[in-house]
Amino acid sequence: MIIGENIKQAALIIREGGLVAFPTETVYGLGANALNPMAVAKIFEAKQRPSFDPLIVHIHHFDEIYALFSSPISHWVQKLAEAFWPGPLTIVHKKSTSVPHIVTSGLETVAVRMPSHPTAIALLKASECAIAAPSANRFGQISPTEASHVTKQLQDIDYVLLGEKVTLGIESTVVSVADEGCFILRPGVITAEDLEKVVPLCSHNPNETIGSLSSPGLLHSHYAPTKPMYLLDNTMDILPPHSGIIVHTNKKNWNTAQAIFITSQNGDKKEIASNLFAAFHTMEDNKAIQQIFIEPVEENGIGIAIMDRIKKAVFKYK
Ligand code: TXA
Ligand code: MG
């Protein structure tokens with residue numbers, strides 16, 4: 001595994017069918033040439049990801065959608081791209097025949113995103129191909145927001161590309177798009193209110209085919225540390241021994257905690273999102289901690305996406 005900043009070398013690895021982890025504005029991705037099924041298979045192996053969970057294809061130019069989506073392309077795709085690309089929005093639309101089945105786990109739709117992170121864009125340009133990339137973590141574990149989070153979880157990667165800081169910290173909003181409008185499959189920093197200004201929101205997935213899961217990756221338990229994690233009850237003052245606590249303001253003095261991670265001094269939701277997975281990783285790595293408590297946030301705006309990730313992390317321990 002090489003760790004460095006050489007975009008040309010990383011792009012050559014992508015072109016030759018290898019795996020490159022790279023930063024995006026949301027989280028680190030684990031990339032391979034999206035049109036090379038053998039290369040894409042290596043992503044599933046490296047992550048130990050089940051083959052039923054489809055990948056997001058990353059592009060750097062809007063016109064690349066014509067090779068990935070099948071015609072007729074819903075006019076909402078262009079509207080969404082104008083409003084939110086490059087950025088943390090993934091668009092799921094009926095796929096063209098050139099997208100390999102391994103990328104979409106056999107679904108008739110493909111997920112596409114144009115990231116805004118300068119290193120991701122530079123890699124996409126230099127590779128001269130679309131890059132399929134899930135988050136660069138082991139399946140079900142904590143998404144990476146720093147290169148060290150990637151190298152700690154994954155070994156079978158050819159190159160880990162370093163770059164500017166990941167700013168948003170939680171994965172993109174995923175929407176399914178058809179002529180009727182769009183449906184949110186995974187909440188993110190781009191909220192329902194943001195989307196509604198551009199396209200009608202549907203109450204059901206317009207691309208759902210009977211008998212298939214609408215978004216197989218949207219499992220109840222995900223993004224989870226291996227240690228038990230519990231939602232903090234606000235009547236709680238004393239924590240059990242060896243507890244770590246993640247809070248979103250510095251209002252209360254948690255002197256019974258073994259370790260405290262404050263994601264934001266004043267409850268700023270963007271700041272909480274950007275530090276959430278770093279908090280998970282810090283608690284996971286702290287050997288003195290046996291269980292983790294996390295404060296909930298109000299479920300509005302970006303708070304919906306933050307609570308989505310927190311609920312998935314605590315799901316097994318409710
Ligand atoms: O911010 C992000 O989206 C990051 C960066 C690297 O771009 N990527 C990411 O990928 O979070 P991943 O694989 O961890 O999550 C992709 C999600 C999964 O929940 C998957 O099931 C869903 O998108 N997805 C992918 N293709 C789909 C499709 N055709 N239909 C429905 N859901 C799909
Ligand atoms: Mg993921």
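Which residue follows α6, and is its phi positive or negative? Helix α6 is followed by Glu128, and the phi of Glu128 is positive, near 55°. Before I go on, please keep in mind that what we are looking at is a predicted model.

Let me stay with Glu128 for a moment. Glu128 sits in the loop between α6 and β7, and its phi is a positive value in a residue other than glycine. Glu128 counts as exposed because its relative accessibility is 66%, and the cut-off for that word is over 50%.

There is another residue of this kind to point out, and that is Ser105. Ser105 is not a glycine, and yet it has a positive phi of about 55°; you will find it in the loop between α5, residues 101-104, and β6. With a relative accessibility of 23%, Ser105 counts as partly exposed, whereas Glu128 counts as exposed.

Now back to helix α6 itself, which runs over residues 118-127. The buried residues in α6 are Thr119, Ala120, Ile121, Leu123, Leu124 and Ser127. What do these buried residues pack against? Their partners are α1, together with the strands β2 (20-23), β4 (56-58), β7 (131-132) and β8 (159-161).

A pair of packed helices is described by two things, the angle between the axes and the distance between them. For α1, residues 7-15, and α6, the axes come within 8 Å and cross at roughly 55°. That crossing angle is why α1 is called oblique to α6, and the handedness of the crossing is right-handed. On the α1 side the contact is made by Ile7, Ala10, Ala11, Ile14 and Arg15, and on the α6 side by Thr119, Ala122, Leu123, Ala126 and Ser127. Sorted by class, this contact holds seven nonpolar residues, two polar ones and one charged one.

From α9 the contact takes in Lys269, Ile272, Ala273, Leu276, Phe277 and Phe280, while α10 supplies Gly303, Ile306, Arg309, Ile310 and Ala313. In terms of class, the residues of this contact divide into eight nonpolar, one polar and two charged.

Is Ile310 buried or exposed? Ile310 is buried, because its relative accessible area is 0%. If we leave aside the neighbours within four places in sequence, Ile310 is in contact with Leu231, His248, Leu276, Ile294 and Glu295. As for its place along the chain, Ile310 and Tyr223 are 87 residues apart, and their C-alpha atoms are separated by 8.3 Å.

Let me turn to the nonpolar cores. The largest nonpolar core has 46 residues, and those with the most contacts inside it are Leu30, Leu80, Trp85, Leu89 and Ile91. Elements that give two or more residues to this core include the helices α2 (37-47), α4 (75-84) and α7 (147-153), and the strands β3 (28-33), β5 (89-94) and β9 (173-178). A second, separate core has 29 residues, and these include Leu276, Val297, Ala313 and Val314. Returning to Leu80, and again setting aside its neighbours within four places in sequence, we find it in contact with Trp85, Leu89, Ile91, Val175, Val177, Leu195, Val198 and Val199.

Trp85 also brings us to the backbone, where a cis peptide bond joins Trp85 and Pro86, with omega about -10°. Pro86 lies in the loop between α4 and β5. Another cis peptide bond runs from Ser71 to Pro72, with omega near -5°, and Pro72 belongs to the loop between α3 and α4.

Finally, a word on Ala41, which lies in helix α2. Ala41 counts as partly exposed because its relative accessibility is 23%. Ala41 and Ile13 are 28 residues apart along the chain, and their C-alpha atoms are separated by 15 Å.

How values were computed: Residues are numbered from 1 along each chain as its sequence is written. Chains are lettered from A and ligands numbered from 1 in the order in which they are written. This is a predicted model: local features need pLDDT of at least 70, side-chain atom pairs count only at pLDDT 80 or more; totals for chains, interfaces and linings use all residues. Side-chain values use heavy atoms; hydrogens and water are left out. Axes are lines fitted to C-alpha atoms, for helices over the stretch in contact, and angles run from 0 to 180 degrees between N-to-C directions. Helices (H or I, at least four residues) and strands (E, at least two) are DSSP runs, numbered from the N terminus. Angles under 35 degrees count as roughly parallel, over 145 as roughly antiparallel, 65 to 115 as roughly perpendicular and the rest as oblique. A crossing is left-handed if the near helix is turned anticlockwise from the far one by less than a right angle, and right-handed if clockwise. Contact means heavy atoms within 4.5 Å. Ala, Val, Leu, Ile, Met, Phe, Trp, Tyr, Cys and Pro count as nonpolar, Asp, Glu, Lys and Arg as charged, and the others, Gly among them, as polar. A nonpolar core is a set of buried Ala, Val, Leu, Ile, Met, Phe, Trp, Tyr and Cys residues joined through side-chain atoms within 4.5 Å. Buried means under 20% relative accessible area, exposed over 50%, partly exposed in between (1.4 Å probe, protein chains only).
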